[in-house]
Amino acid sequence: MTALWHGFADMGAVERDGAFVVARGEGAYVYDEAGTRYLDATAGLWFTNIGHGRGEIADAVAAQLRQIAHYSNFGDFTAPATQQLAEKLATIAPVPGSKIFFTSGGSDSVDTAAKLARRYWQEMGKPSKKILLSRQKAYHGMHVGGTALAGIPVNAEGYGELMADTRVIAWDDAAALRAQIDDLGADNIAAFFCEPIIGAGGVYPPPEGYLAEVRRICRDNDILFVADEVVTGFGRIGGSWFASSRFDLQPDLMTTAKGLTSGYLPMGAVFVAPHLAEPFFSGGVWWRHGYTYGGHAAAAAAALANLEIIERENLLEESRRLESTLHRKLAPLAEHPRVAEIRSGLGAVAAVQLADPAEGLPFVKTLRAHGISSRAAGQGAMQISPSFVMTDDQVDELVEGFTKALG
């Protein structure tokens, strides 16, 4: 019997079969308690961009903990590391002059953006602008707001209405956004939430030209564009810090987490464009929102060390290399009868879509038997989102493991 309740799990099966205990990691590999090695196809949960076992991060965190672990960012409180991180993030922000609001993770970041979008329109004298739009297949975290926004109905089952004034549109059709605006009226819509690459919903790159078109539609209709870059941020997109930079999206709000610290400590950040922050920085207006551990000093130290490693080791370009290598080397798997398609070619992400979605969960264990740790996303899509330190030879090892597992 276990006391641990796992997220997104059939706990009866876990009780029966036991947990897969990851005891340590090194580079692109993880090891179980018996010392068996597995190639980590997913970088934890999309986040270990710099690879596992980086002592440099541990040293930075330890040094911060010896000074002060954390205090608060409410009112005028902060810590030097937190200030330094905010300034660093502002220099790489897709929109110059952005303000940085720290959270404890991606779900916090999404709910923060949802609240700020509505609060902003109140300050602008347009209180009717409350509706938040999102897309089918989209995943926006598991807080109440993010669950309501997401386009994965099964994740919202059994709770009743979680949040009013949300709508979900087709994930791949800009015309669907225009039609929803025509139906609801732009004066009633606060924001459109958009993952540049749909992640947990199955790894779906955007159709050609889609991002530019929906961004234009939002701008033309005075609707805030929220880029959810919890997955794609901090290099996962390949060659750039953010998809918003690569595609010049100029988001009003950008939600991030995961790669900010490469998962070494929990942390998220919302990038707020200057025009959106202005009403709250001009004096006298409070935004009554924040998190106890937002801007945690030790997490900020981890983030600073992580970003320095990404820059020093040119890992943005390594991510671009993986974009090309994964696309090329995974392509032959599409010919296997158990595979419906391979989704790849944008960023250091890919999915091996199984023809029978019901095979997804058992296939995770089959892969482990061949030395690969992956997970099922969406409907039978095997997630691939490796650390940027994964070599081309290790991609060959990944493909070999998948080939053997497919039989």
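Author: The crossing of α12 and α14 is right-handed, meaning that the near helix is turned clockwise from the far one by less than a right angle. This is a predicted model, where local features need pLDDT of at least 70, side-chain atom pairs count only at pLDDT 80 or more, and totals for chains, interfaces and linings use all residues. Residues are numbered from 1 along each chain as its sequence is written, and side-chain values use heavy atoms, without hydrogens and water.

Helix α12 covers residues 315-330 and helix α14 covers residues 392-406. Helices here are DSSP runs (H or I, at least four residues), numbered from the N terminus. The two pack at an angle of about 35°, with axes 10 Å apart. Axes are lines fitted to C-alpha atoms over the stretch in contact, and angles run from 0 to 180 degrees between N-to-C directions.

Now the contacts (heavy atoms within 4.5 Å). From α12 come Arg 321, Leu 322, Thr 325, Leu 326, Lys 329 and Leu 330. They meet Asp 392, Val 395, Asp 396, Leu 398 and Val 399 in α14. These residues divide into six nonpolar, one polar and four charged. Asp, Glu, Lys and Arg count as charged; Ala, Val, Leu, Ile, Met, Phe, Trp, Tyr, Cys and Pro as nonpolar; the others, Gly among them, as polar.

Asp 396 and Lys 329 form a salt bridge at 2.7 Å, N to O. The rule asks for a side-chain nitrogen of Lys or Arg within 4 Å of a carboxyl oxygen of Asp or Glu. The pair links α14 to α12, 67 residues apart. Asp 396 is partly exposed, at 35% relative accessible area. Lys 329 is also partly exposed, at 22%. That class lies between buried (under 20%) and exposed (over 50%), using a 1.4 Å probe and protein chains only.
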